[in-house]
Amino acid sequence: MSALKKTALTVTAASLLPVLLAVPASAGTTDGKATRKQPNPPASMSTVGGPQLGRAGTQVSLGPGAPVLPKEVTGRSWIVADAESGDVLASHNAHWRLPPASTLKMLFADTVLPKLPKTEAHKVTQAELADVGEGSSLVGVKEEHAYTVHDLWLGVFLRSGNDAVHVLSAMNGGVPKTVEDMQAHADELQALDTHVVSPDGYDAEGQVSSAYDLTLIARSGMQKKDFREYCSTARAQFPGGVTAGKRDYFEIQNTNRLLTGESGVSPYQGMAGVKNGNTTHAGATFTGVAERNGKVLLVTVMNPDSEESQAVYKEAGRLLDWGFAAAGKVRPVGELVPPRSAAPEDSPQVEPANNGAPAKASAAADEGSGGIGTALAVVGGLLVVLAAGVFLVNRQWPLRRR
């Protein structure tokens, strides 16, 4: 049975919503703060992954013994999915097209990482850094200095360096070509809510994605060994300037607080990546993957409306805790679809609704890189293996250690 047809058989959670909503289903109501009002999700959203995922508000279908969803979740859009089977355990406005911030770098890496040998060295030019957006997160790439592709990917994954993204884009044929490649790859993955304008996720007119798409992209990326290892690396040494003819290095740390801990956030047990982001228009965004007792879950949270410090990480952690407790006790409300080229022939291709986009790395294990023990123990055989070009879905992961 095809992925989309199977999803159509899931049981709607409409009768449970009054009890289970973590936040109001229609975010147009006030949130208890006199000066703020949440915008409404679109009336019509994509149904990729199943019709229930196209509905506004929280979607969940609890079975016997399943825990209720956590109350302290204010993300404008979020999703919890089983990374192995692709089942969506619960969601909230899953296909709401919102600015993604640096979580879009997952798509950049999934698209470009396989194209560039990690040992290739490149001398950076002034022109390659000229269009890096004002206020961008930077790893500290310097013009007229040489970096390996491995160095630059560490800068992308650990420090979310837009400077490193622009240099890698130049090596891929330039920013316009890279944007075109990313859009083509998003379309192939059926991440149809995603519209790419900049390769780094910097706020740009019309640049959007969704919690569903970011989770789909993360699942694809985590099938690549280098991607898994880069995004699970906690600390690494990055090349600096040259002193007396010798290259200096400085330590960089991953900005994923659930991986490293910091700023009032504790490391999440079993966290193995993936990517966080934060911009003016996007707010805070986060996609993570974690393993517990042999179960691997993906979570995405976009734009929490909370005064809680580091809310995006804490809400993601609460949703992961719920997902691990609820696994096997809920009926899926949808699923993560395979790429177009790997979808069964009888699986329909569903186009997204026009829902109003806003107007306005084995590399990481090299010497000098550090990681979180639990994460590195997981990622070696974490996700689905691509075999003979076939995207394996609805199979137990890992199929084998790599």
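A residue counts as partly exposed when its relative accessible area lies between the buried limit, under 20%, and the exposed limit, over 50%. The close-ups below all come from a predicted model.

**View 1. Lysine 224 pairs with aspartate 110.** Lysine 224 and aspartate 110 form a salt bridge, with their closest N and O atoms 2.5 Å apart. Lysine 224 sits in the loop between α8 (211-221) and α9 (225-231), and aspartate 110 sits in helix α3, so the pair ties together parts 114 residues apart in sequence. Lysine 224 has 21% relative accessibility and therefore counts as partly exposed. Aspartate 110, at 2%, is buried.

**View 2. Aspartate 82 pairs with lysine 295.** The closest N and O atoms of this salt bridge are 3.1 Å apart. Aspartate 82 belongs to strand β2 (residues 75-82) and lysine 295 to strand β10 (residues 295-304), so the bridge ties together parts that are 213 residues apart in sequence. Aspartate 82 is buried, at 7% relative accessibility. Lysine 295 is partly exposed, at 26%.

**View 3. Lys115, Lys177 and Asp181 form a salt-bridge network**. Within it, the side chains of aspartate 181 and lysine 115 meet at 2.8 Å, N to O. Aspartate 181 lies in helix α7 (residues 175-188), while lysine 115 lies in the loop between α3 and β4 (121-123), so parts 66 residues apart in sequence are tied together. Is aspartate 181 buried or exposed? Aspartate 181 is buried, with a relative accessible area of 16%. Lysine 115 is partly exposed, at 41%. The salt bridges in the model come to eight.

**View 4. Helix α5 crosses helix α6.** The axes of α5 (residues 149-159) and α6 (residues 162-171) come within 8 Å and cross at roughly 140°. The two helices are therefore oblique to each other. Their crossing is left-handed. Which residues of α5 meet α6? They are Val149, Leu152, Trp153, Gly155 and Val156, which meet Ala164, Val165, Val167, Leu168 and Met171 in α6. This contact has nine nonpolar residues, one polar residue and no charged residues.

**View 5. Threonine 103 sits in a loop.** The loop runs between β3 (87-92) and α3 (105-112). Threonine 103 is buried, with a relative accessible area of 1%. Among the residues that threonine 103 touches are Leu214, Lys275, Asn276 and Phe286.

**View 6. Proline 267 meets Arg257.** Proline 267 lies in the loop between α10 (257-260) and β8 (271-279). Proline 267 is partly exposed, at 49% relative accessible area. The C-alpha atoms of proline 267 and arginine 257 are separated by 6.7 Å, and the two residues are ten apart along the chain. Contacts of proline 267 include Arg257, Leu258 and Leu259.

Methods: Residues are numbered from 1 along each chain as its sequence is written. This is a predicted model: local features need pLDDT of at least 70, side-chain atom pairs count only at pLDDT 80 or more; totals for chains, interfaces and linings use all residues. Side-chain values use heavy atoms; hydrogens and water are left out. Axes are lines fitted to C-alpha atoms, for helices over the stretch in contact, and angles run from 0 to 180 degrees between N-to-C directions. Helices (H or I, at least four residues) and strands (E, at least two) are DSSP runs, numbered from the N terminus. Angles under 35 degrees count as roughly parallel, over 145 as roughly antiparallel, 65 to 115 as roughly perpendicular and the rest as oblique. A crossing is left-handed if the near helix is turned anticlockwise from the far one by less than a right angle, and right-handed if clockwise. Contact means heavy atoms within 4.5 Å. Ala, Val, Leu, Ile, Met, Phe, Trp, Tyr, Cys and Pro count as nonpolar, Asp, Glu, Lys and Arg as charged, and the others, Gly among them, as polar. Buried means under 20% relative accessible area, exposed over 50%, partly exposed in between (1.4 Å probe, protein chains only). A salt bridge is a side-chain nitrogen of Lys or Arg within 4 Å of a carboxyl oxygen of Asp or Glu. Lists of a residue's contacts leave out its neighbours within four places in sequence.
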